[in-house]
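The briefing that follows takes up strand pairing, helix packing and salt bridges in turn. Please read it alongside the sequence and the coordinates.

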Amino acid sequence: KVELVLVFAEPGDPYSGESHGGLESAFDYTGQALRSGKDQFHRNVRFIISLCWPELTFEEQMCRTWLTDSVLCSAKREGASVPRSITTACGNRYLKRELALFTDALIVALGTKAQTRLCQLGVNDYLSAYAVAPPGCNFKGAIPSWERIPRALAAKRVQPSILVSENIV
C-alpha cells in the first residue's frame with residue numbers, strides 16, 4: 001500500500017545511451033539508478049525513502065512509495081520552465097488522477113516548481129520540501145526539509161485527515 005507520494009518537477013534529460021523499449025525497461029532503469037545512486041537526484045530520493053523506512057529493504061520501501069513528476073514532459077532545456085498551459089493540461093489529465101489513487105498517502109512536493117503546480121491544480125494537502133535535484137538540493141535547508149518527511153508520515157498514520165501543507169521554499 002502506497003503511503004508516500006513524492007512529486008518532482010519534471011523529467012530530466014536522458015543520460016547518454018539511455019533508451020527504453022517501453023514502461024518496463026524505464027521502470028527497471030529507474031530502480032537500478034535508485035539502487036546504485038547513479039547521481040545526486042537518485043541518492044537524495046533514496047535518502048528520503050530510507051529515512052521513512054530504515055528497517056525495510058529497497059523493494060519494500062518502493063512498494064510504499066510512488067514517484068511522479070508534476071509535469072510528464074521534459075523542459076526544452078533541463079531545469080528550464082515549462083509553459084503554464086502544458087503544466088495545467090498535464091496536471092489535470094495525469095497528476096490529479098494519479099493523486100486521486102492515493103487518498104491516504106502523504107504527498108510531498110519536492111521543490112518550488114512541484115509546489116506551485118500542485119497549488120495551481122487546487123491540491124493543497126501536501127508537505128513541501130526542497131528539490132532533490134540541483135540546484136535546490138544543494139541549499140542549506142534541503143536535508144532538514146527532507147528529515148521532516150518521516151515525521152509527517154508518522155503523524156499522518158496517527159491522524160489520516162491531517163492537513164500538512166506548509167510552504168518552506
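Strand E1 (residues 4–8) pairs with E2 in the parallel sense over 5 bridges, where two strands pair if DSSP finds at least two bridges between them, and Phe 8 stands opposite Asp 69 in E2. Helices (H or I, at least four residues) and strands (E, at least two) are DSSP runs, numbered from the N terminus. This is a predicted model, in which local features need pLDDT of at least 70 and side-chain atom pairs count only at pLDDT 80 or more, while totals for chains, interfaces and linings use all residues. Residues are numbered from 1 along each chain as its sequence is written, and side-chain values use heavy atoms, with hydrogens and water left out.

**The sheet**

- The open sheet has 4 strands in the order E2-E1-E3-E4, with parallel pairing.
- Strand E2 (65–69) and strand E4 (127–129) stand at the edges with a single partner strand each, so one side of each is left without a neighbour in the sheet.
- From one strand to the next, the twist averages 25°; for directions and angles here, axes are lines fitted to C-alpha atoms, for helices over the stretch in contact, and angles run from 0 to 180 degrees between N-to-C directions.

**Helices on the sheet**

- H4 packs on the sheet, touching E1, E2 and strand E3 (106–110), and the direction of H4 makes about 165° with that of E2; contact means heavy atoms within 4.5 Å.
- Helix H6 (residues 142–158) also packs on the sheet, touching E1, E3 and E4, and the direction of H6 makes about 165° with that of E4.

**Helix H4 against helix H5**

- The axes of helix H4 (residues 84–100) and helix H5 (residues 112–120) come within 10 Å and cross at roughly 80°.
- On the H4 side, Arg 84, Thr 87, Leu 95 and Leu 99 meet Arg 117, Leu 118 and Gln 120 in H5.
- By class, the contact of H4 with H5 has 3 nonpolar, 2 polar and 2 charged residues, where Ala, Val, Leu, Ile, Met, Phe, Trp, Tyr, Cys and Pro count as nonpolar, Asp, Glu, Lys and Arg as charged, and the others, Gly among them, as polar.

**Salt bridges**

- A search of the whole structure finds 7 salt bridges, each being a side-chain nitrogen of Lys or Arg within 4 Å of a carboxyl oxygen of Asp or Glu.
- Asp 104 forms a salt bridge with Lys 1, with the closest N and O atoms 3.6 Å apart.
- Asp 104 lies in the loop between H4 and E3 and Lys 1 in the segment before E1, so the pair ties together parts that are 103 residues apart in sequence.
- Asp 104 counts as partly exposed at 48% relative accessibility, whereas Lys 1 is exposed at 71%; buried means under 20% relative accessible area, exposed over 50%, and partly exposed in between (1.4 Å probe, protein chains only).
- Arg 64 and Glu 3 meet through their side chains in a salt bridge (3.4 Å, N to O).
- Arg 64 lies in the loop between helix H3 (58–63) and E2 and Glu 3 in the segment before E1, so this pair ties together parts that are 61 residues apart in sequence.
- Arg 64 is partly exposed, with a relative accessible area of 29%, whereas Glu 3 is buried, with 18%.
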